[in-house]
Amino acid sequence: NMSDLRGQDPLDSPCEDEHLLKIAATVRFNWKVIGRRLVGVKTVQDIDREAEQCEQEKRDQMFEKWIEMKGSKATYRALVDVFEEVRNPLAARAVREIVSGNAATVPSSLLKTSDDTLSVVLSSDDTHSVVPSSDDTLSVVLSSDDTHSVVPSSDDTLSV
């Protein structure tokens with residue numbers, strides 16, 4: 001339990017499996033880029049070679065391998081550092097929110113649904129609008145300082 005770690009920054013504690021699944025779900029497209037930094041080029045190639053797996057399974061396996069390889073050094077801070085390095089502020093922020101225990105109260109959370117689409121779950125009191133952006137993604141604008149990019153799923157639906 002992270003609350004038992006008195007005096008230690010929770011970001012410095014090893015990742016817990018239940019949190020890692022939520023964090024992994026925020027990594028949508030560039031798992032190989034992140035994987036090269038976390039587990040190395042060869043491991044990424046090995047995972048990628050297993051062709052029967054979908055991209056999400058490969059991504060999840062990459063995170064599992066990272067924990068296996070790094071053990072207690074597989075910390076939340078290490079993830080934040082890599083996410084910031086590859087310019088994925090949404091994933092970095094998700095890590096911070098999960099670790100601080102605020103994940104349940106933030107205005108939105110990204111969920112991977114059973115059909116592998118990505119949903120943005122908004123709390124009932126949120127006002128929001130979905131706006132197309134110049135790069136063909138859709139942004140869900142929650143408030144003036146809080147924009148999440150949401151990519152349409154394979155069946156061209158967007159769950160908000």
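Is Lys 42 buried or exposed, and what is its relative accessible area? Lys 42 is exposed, at 56% (buried is under 20% relative accessible area, exposed over 50%, partly exposed in between; 1.4 Å probe, protein chains only). The model is predicted, with local features needing pLDDT of at least 70 and side-chain atom pairs pLDDT 80 or more, while totals for chains, interfaces and linings use all residues. Residues are numbered from 1 along each chain as its sequence is written, and side-chain values use heavy atoms, without hydrogens and water.

View A. Asp 46 is partly exposed, at 29%.

**View B. Arg 77 pairs with Asp 9 in a salt bridge.** Their closest N and O atoms are 2.7 Å apart. Arg 77 belongs to helix H5 and Asp 9 to the segment before H1, so the pair ties together parts 68 residues apart in sequence.

**View C. Glu 84 and Arg 96 form a salt bridge at 2.9 Å, N to O.** Glu 84 is in helix H5 and Arg 96 in helix H6, 12 residues apart. Glu 84 is partly exposed, at 42%, and Arg 96 is likewise partly exposed, at 39%.

**View D. Arg 87 lies in the loop between helix H5 (76–85) and helix H6 (89–100).** Its phi is positive, about 55 degrees, although Arg 87 is not a glycine. Arg 87 is exposed, with a relative accessible area of 72%.

How values were computed. Helix = DSSP H or I, 4+ residues; strand = E, 2+ residues; numbered from the N terminus. Salt bridge = Lys/Arg side-chain N within 4 Å of Asp/Glu carboxyl O.
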